[in-house]
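User: Hi! Could you walk me through this structure in plain words? I'll jump in with questions as we go.

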Amino acid sequence: MDFDLNEEQRLLKESIDGLLTDSYDFESRKKYVKEKGGWSRTVWGKLAEQGLLGLPFAEADGGFGGGGVETMIVMEALGKALVLEPYLATVVIGGGFLRHAGSDGQKAAHVPSIVDGSKTLAFAQLEKNSRYDLFDVTTTAKKRGDGWVIDGEKFVVLNGENADTLIVTARTRGERRDKSGIGVFLVPANAKGVAKKSYPTQDGLHAADITFTGVEIGADAVLGNPDDSLALIERVVDEARIALCAEAVGLMDESLKTTVEYIKTRKQFGVAIGSFQSLQHRASDMFVATEQARSMSMFATMAADFEDAKERSNAVAAAKVQIGKSLKFVGQQAIQLHGGIGMTMEAKIGHYFKRLTMIENSFGDTDYHQRRVADGAGLI
Amino acid sequence: MDLAFTKEEQAFREEVRSFFRDNVPPDTRRKLVEGRHLSKDEMVTWWRILNKKGWGVSHWPKQYGGTGWTSVQHYIFNEELQSYPAPQPLAFGVSMVGPVIYTFGNEEQKKRYLPRIANVDDWWCQGFSEPGSGSDLASLKTKAERKGDKWIINGQKTWTTLAQHADMIFCLCRTDPSAKKQMGISFIVFSMKSKGVTVRPIQTIDGGAEVNEVFFDDVEVPYENLIGEENKGWDYAKFLLGNERTGIARVGVSKERLRRIRDLAGKVESGGKPIIQDAAFRDKLAACEIELKALELTQLRVVADEGKHGKGKPNPASSVLKIKGSEIQQTTTELLMEVIGPFAAPYDVHGDDGSNEAMDWTAQIAPSYFNNRKVSIYGGSNEIQRNIIAKAVLGL
C-alpha cells in the first residue's frame, strides 16, 4: 500500500505544472477561449512536445507507456489550470478506444498523429434520450458490402467541432436498450453525410450536435466487435470518469486555494473576513470535502486495473458520487465566500465553479452513480 | 501508488482475524454487536487475553511491551478489532497515560505503572474536562497545592468516562495560579481510592451512566506522582491528544455497523417486503458506504504517510478523520433507527441475557443513536476540529 508518486511520476508532475504555470494563467486562458474552436494550438503543441499527448500509449505504438496514475497527474494539473484543450476527448477517450480495441492498422493510422498533436478526436455517444445509459443507443450501423452505413444523431460531442475523427457508438442489431448489438466506429469528421452544429458549452469548452445521414465507412472503421462492444465502451467511459475525478480534484484544490486567499485579503468591518469563524468553518468543510474527493480519485485510479469489471465499475461509480458531492459543495461555497465578485465573469472562481458543475453531469451524475452502487452488492 | 496489501500483511490480517475468532468471548461480541454496555469483568477478561497474547499495548515501544508492528499492521489490527467486533483496549491507560509515562515519566514511574496498565491491573480514567472547561480546557481550575512531600488537590472534573470502574486517574491540575493559563498546569496521577475522591454518575440521554462527575476534597497525593516537570502539564496533554489520530476515525466500527444494517434490512419488512428492497433506503445506505470508503482511503493515506515519513509531520488529511469519522458513525445509527422503525420505542424490556433473540437486537438501537451524538462532541468537538483545520492547514 503506497500513495506516494515515484520519481518519474514526480518529474511528470513538475513538468506539466511548470508548463501550465508558464503558459496558462487566467489572462492567457481568456485569449485561448477566443481562438478557433475555443482552444490553443500552441499549447496543444507544447503538450505534444513534452510527450503528454502520447502518455498512455504503449511504447511500441509510439507512446510513453504511462498508466492510470500518470493520467491522474496530468488531469489534476489540467483541472488546476482550467485547461480548455481536448485532452480528455483525444487522449483519454479516443486513446482509450484505440489502446483497448484498436487493430495494428488502426493504431498505426491514428496514434502517431495524436502523439504529435496534429489530430484530435471526439466521442460521439450521447443521444437525445439516452441520458447516462451507455447501452441506450438508437444510432444504427448497417452492414453494406464490406463496410458500414451510419445513421443517427449524437449530442454534446465535446471537441466535436474540431475533431478529425469521431468515435461513434452505434447499434448493429437489436432494440434501443439492448445490451448487446452495440459497436464502436471510427468516422472521419469530413465524411459525406456528417453534419455538425457547434456551440460553446457553459464551462467555456466547445461541443457539437452531430447528425449522421447514410455515412459510409469501410470495414477498417470498426473498433473491436461490432456486435458486442458495450464492455469496451464501459471500460473506456470508466477511464473517462476516473480522469474527470482527477480533473475535479485539481479544480477543487485551486478553488479552495483561491477562496482562502480571497478571504484573507478581503476586508469588511475593518478586518479580513477570513477572521470570522463562520467563514473559517466553511473553508474547513471545503478542505474536508476536497480531501475526501482526492482519496476517492486515487481509489478510482487504482481501481482501473481491477480484473473484475463489476468491481471496477462499482469503485468508479462510488468515486464519481464522492466527487459529485464534494465538487458541488466546494464550488458553491467558493462562490458564496467570494460574495458578489464570485458572481462575475472577471473573477476566475466562477469559471472553476462552472467547469466543476459540468463535470458532475458528465458520464453519470451523483444520483445515477449512487443508484448503481445501491443496486450492487455494496462497497463494504 | 498501489492499493494492495503485501502477502505478509494479508497473512497478518488472517492471523489477527483468527485470533479474534478463537478468543473473543461470544457473549462479549454479541453485546457489542447489539450496542450494549459491557461489564467491567467482561472488558478486563478480554484485555487480559489480549495482553497475554502480547497485543495489549501493541503500539508501545518494544521495551515496554509493544509489538514493533508497522503502521500498516497497526491499521489492520485496529480495523479487524473494530469490525469483528471486540472491545478496544482501554484508551485512558493504553493510548493516553501510558505513552505520557513512557515518554515523560521517570524510571520508577515506568516500572511502577506501565506493566499494570498493560494488564489492566489498574483501570485508568481521565481527569481533564471540568464544568467550566470544555473546549477551553486550559481554563481549568482544579488546584494542586504543594505541602511538603504532598500535593493537596481540590476541585471538580466532569465527563469522566467509566470513572466508576477506575483505580487510577491522570489529572490536569493548576499548580501555578499566577502563570498564564496554559503555563501553570501539571500532570498528576493518583489513586481513585484516595480519601476525598467522590464519584457521582451522570445519567446520559441513552439511559446509561458511562460518564461521571468526580469531586476532589483535600485529596492528599504523594509529590512523586507528578509526571514530568511541574507546570509542563499542558505540553503533555497536547502530546496525549495528538497521539491517537487515526484510530479516531473508527472505520472498522462503522463497517461492522453497515454490515449489520444490510443484514437487518434484509429481514425487517416495510410495505410487505424487506426494507433493503426500498430504493430510497438503499440509496441512503449506499451514500453512507461511499462516505466510509472515502474515509477509509483518507485514513490509509495517513497511515501510509506515517509509515514512510514517521509520525513527526502531521498529514493534513488526518484532520479530516475525526470530523468525517464521527459524522459517519452517527449516520449509521440513524440508518439503524430507520430500519427498526416503530420498534425503536420500547425501553429495554428483555434485558441483555440473550434469551429473546427475536427482539434483543432492537433494544439498544435507540439508545445507541442517542449515545452516538457524543462522538461529534468529545475528543475536541467537530467545531474545534474545524478551527484546527482553519488555523493549521488553511492558515486562516
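Analyst: Happy to. One term before we start: two strands pair if DSSP finds at least two bridges between them. Also, keep in mind that this is a predicted model.

User: Good to know. So how do strand E2 and E3 of chain B pair, and over how many bridges?

Analyst: E2(B), residues 143-147, pairs with E3(B) in the antiparallel sense, over five bridges. As one example, B:Arg146 stands opposite B:Trp151 in E3(B).

User: What do E2(B) and E3(B) form, and how many residues are between them?

Analyst: They form a hairpin, with two residues between E2(B) and E3(B). In the turn, B:Gly148 has a positive phi of about 65 degrees.

User: And which way does E3(B) run against strand E7 of chain B?

Analyst: E3(B), residues 150-157, and E7(B), residues 211-222, run antiparallel and are joined by seven bridges. B:Lys150 has B:Pro222 as its bridge partner in E7(B). E7(B) also pairs with E6(B), residues 197-202, in the antiparallel sense over six bridges. There, B:Ile202 has B:Val211 as its bridge partner.

User: Nice. Changing topic: where do the domains of chain B lie?

Analyst: The domain assignment puts domain 1 of chain B at 7-89, domain 2 at 124-236 and domain 3 at 245-393. The centres of domain 2 and domain 3 of chain B, taken over C-alpha atoms, are 31 Å apart. Six residues from domain 2 of chain B and five residues from domain 3 of chain B make up the contact. On the domain 2 side, that is one nonpolar, four polar and one charged residue.

User: How is chain A divided?

Analyst: Chain A has domain 1 at 7-119, domain 2 at 122-227 and domain 3 at 231-375. Between the centres of domain 1 and domain 2 of chain A there are 23 Å, again over C-alpha atoms. Their contact takes 16 residues from domain 1 of chain A and 19 residues from domain 2 of chain A.

User: Which elements of domain 1 of chain A give two or more residues to the side that touches domain 2?

Analyst: Helix H5 (87-101) and helix H6 (104-115) of chain A do. H5(A) gives the most, with six residues. By class, the domain 1 side has seven nonpolar, eight polar and one charged residue.

User: Now the two chains together. How many residues of chain B are in contact with chain A?

Analyst: 38 residues of chain B, and they are in contact with 32 residues of chain A. On the chain B side, H8 (251-265), H9 (279-309), H10 (318-340) and H13 (382-393) each supply at least two residues. H9(B) gives the largest share, 16 residues.

User: I'd like to look at helix packing next. At what angle do H7 and H8 of chain A cross?

Analyst: Roughly 160 degrees, and the axes of H7(A), residues 230-265, and H8(A), residues 277-303, come within 9 Å. Angles over 145 degrees count as roughly antiparallel, so H7(A) is roughly antiparallel to H8(A). The crossing of H7(A) past H8(A) is left-handed.

User: Which residues meet there?

Analyst: From H7(A), they include A:Ile242, A:Val249, A:Met252 and A:Leu256, and from H8(A), A:Leu279, A:Met286, A:Phe287 and A:Ala293 are among them. The contact divides into 16 nonpolar, four polar and two charged residues.

User: And how do H9 and H10 of chain A cross?

Analyst: H9(A), residues 309-338, and H10(A), residues 348-360, have axes that come within 9 Å and cross at roughly 160 degrees. H9(A) and H10(A) are therefore roughly antiparallel to each other, and their crossing is left-handed. Among the residues that meet are A:Leu327, A:Gly331 and A:Ile335 in H9(A), with A:Tyr352, A:Phe353 and A:Leu356 in H10(A). By class, that contact has eight nonpolar, five polar and two charged residues.

User: What about A:Leu82, is its phi positive or negative?

Analyst: Positive, at about 55 degrees, although A:Leu82 is not a glycine. A:Leu82 is in the loop between H4 (68-80) and H5 of chain A.

Technical notes: Residues are numbered from 1 along each chain as its sequence is written. Chains are lettered from A and ligands numbered from 1 in the order in which they are written. This is a predicted model: local features need pLDDT of at least 70, side-chain atom pairs count only at pLDDT 80 or more; totals for chains, interfaces and linings use all residues. Domain bounds come from an automatic or database domain assignment. Two residues are in contact if their C-beta atoms, placed from the backbone, lie within 7 Å. Ala, Val, Leu, Ile, Met, Phe, Trp, Tyr, Cys and Pro count as nonpolar, Asp, Glu, Lys and Arg as charged, and the others, Gly among them, as polar. Helices (H or I, at least four residues) and strands (E, at least two) are DSSP runs, numbered from the N terminus. Axes are lines fitted to C-alpha atoms, for helices over the stretch in contact, and angles run from 0 to 180 degrees between N-to-C directions. Angles under 35 degrees count as roughly parallel, over 145 as roughly antiparallel, 65 to 115 as roughly perpendicular and the rest as oblique. A crossing is left-handed if the near helix is turned anticlockwise from the far one by less than a right angle, and right-handed if clockwise.
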